[in-house]
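Colleague: Please take a close look at the part of this model around the ligand. Which residues surround the ligand, and how much of its exposed area does the protein bury?

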Amino acid sequence: MRIRPISGALGAEILDISISDGLTNSETATIRDAFLENKVIFFREQKLTPKSQSEFARIFGEPDIYPFIRGLEDTPEVTEILKTETDAKNFGGSWHSDTSYMPEPAMGTVLYALETPEFGGDTLFANTAAAYDALSVGLKKALDGLRAINSSDHGYKGGRAAGMARLDAMKGTFNPAAQSYESDHPVVRTHPETGLKSLFVNRSHTVRFKGMTEDESRGLIHWLCDHIIRPEFTCRFQWQPGSVAVWDNRATQHHAVNDYQGQRRRMHRITLKGDKPN
Ligand code: SIN
């Protein structure tokens, strides 16, 4: 197996390995190390069933049930992310870290491409640890101890349900019983495995700093969100059928680019259980 970084900021492709073939302990350890070091890893030309995707996901953590979309019949931890030729909106089309509104947000996500557009539909990733490192000592000090409120309803008028209902192809899989979630988390979190500090605010879900109004918080939250996605902290992944990405939500954000109107994109997604950010 070969590991090839795709940018100076984060992300590496892992080549010459079939992830559905029963990985040895040493291959598993190499892949897990590459995941922690590169924050998002990619594989090409894989053939996964929902079951084998779920088995592969277990080398990183425990698959979770995503509350807003019904999963597949036999593998409820796998949700289908579909945009058809007639859909205008996509899923995940703004910068975020998955389920940051939950008390224990998803630690990672495993995304597998089944159908991809001829062009477009890439996913952007940002390294939130590099973004933290680049801050001045003064701003790092100011952020120390600050907490932020993250809400599943932020950014969608009428909440997540209204947002999902705009996705034509997927509105049938929306779970109308899903509750709204709101959690406060440290603005600077420490990765439980690498010990690295990273910024944990995002444009899709962070509403305000704890103990402050939205109005008072807006300026700095926007500044931090803009800072995190500076080009030098990002990478871009171009999907093909059979591509797989595994990202670490504790040290990254991502954005699914919605630039393939009139084309179809179908993915299988698994989120992994996380712990309380500290
Ligand atoms: C997501 O936000 O999990 C979706 C990412 C993608 O479809 O590229």
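Modeller: What follows goes from the shell around the ligand to the chain as a whole. The model is predicted, and the values below are computed from it.

The residues surrounding the ligand are F91, G92, H96, D98, L111, T123, W247, H254, A256, R265 and R269. Sorted by class, this shell holds four nonpolar, four polar and three charged residues.

Polar side-chain atoms of three of these residues can be listed with their distances to an oxygen atom of the ligand. For R265 the distance is 2.8 Å, and for R269 it is 2.8 Å. For H254 it is 3.0 Å. The ligand exposes 260 Å² when taken alone, and 100% of that area is buried by the protein. The space that the ligand takes up is the largest cavity. Two elements give two or more residues to the shell around the ligand: strand 14, which covers 252–256, and strand 15, which covers 265–272.

Now the chain that holds this site. Its secondary structure comes to six helices and 15 strands. The protein chain has a radius of gyration of 18 Å, close to the 19 Å that the globule rule gives for 278 residues, so the chain is as compact as a globular protein of that length. Along the principal axes, the C-alpha atoms of the protein chain fill a box of roughly 50 × 40 × 30 Å.

Notes. Residues are numbered from 1 along each chain as its sequence is written. This is a predicted model: local features need pLDDT of at least 70, side-chain atom pairs count only at pLDDT 80 or more; totals for chains, interfaces and linings use all residues. Side-chain values use heavy atoms; hydrogens and water are left out. A residue is near a molecule or strand if one of its heavy atoms lies within 4 Å of it. A polar contact is a pair of N or O atoms within 3.5 Å; within protein, one must be able to donate a hydrogen and the other to accept it, and residues adjacent in sequence count only if both atoms are side-chain atoms. Accessible areas come from the Shrake-Rupley method with a 1.4 Å probe; for residues, only the protein chains shown count as cover. On a 1 Å grid over the protein atoms alone, a cavity is a set of points where a 1.4 Å probe fits but cannot get out, and a pocket is an open set with protein on both sides within 12 Å along at least five of seven lines; lining residues have an atom within 4 Å of a point. A molecule sits in a cavity or pocket if more than half of its atoms lie within 2 Å of its grid points. Helices (H or I, at least four residues) and strands (E, at least two) are DSSP runs, numbered from the N terminus. Ala, Val, Leu, Ile, Met, Phe, Trp, Tyr, Cys and Pro count as nonpolar, Asp, Glu, Lys and Arg as charged, and the others, Gly among them, as polar. The radius of gyration is taken over C-alpha atoms; the globule rule is 2.2 Å times the number of residues to the power 0.38.
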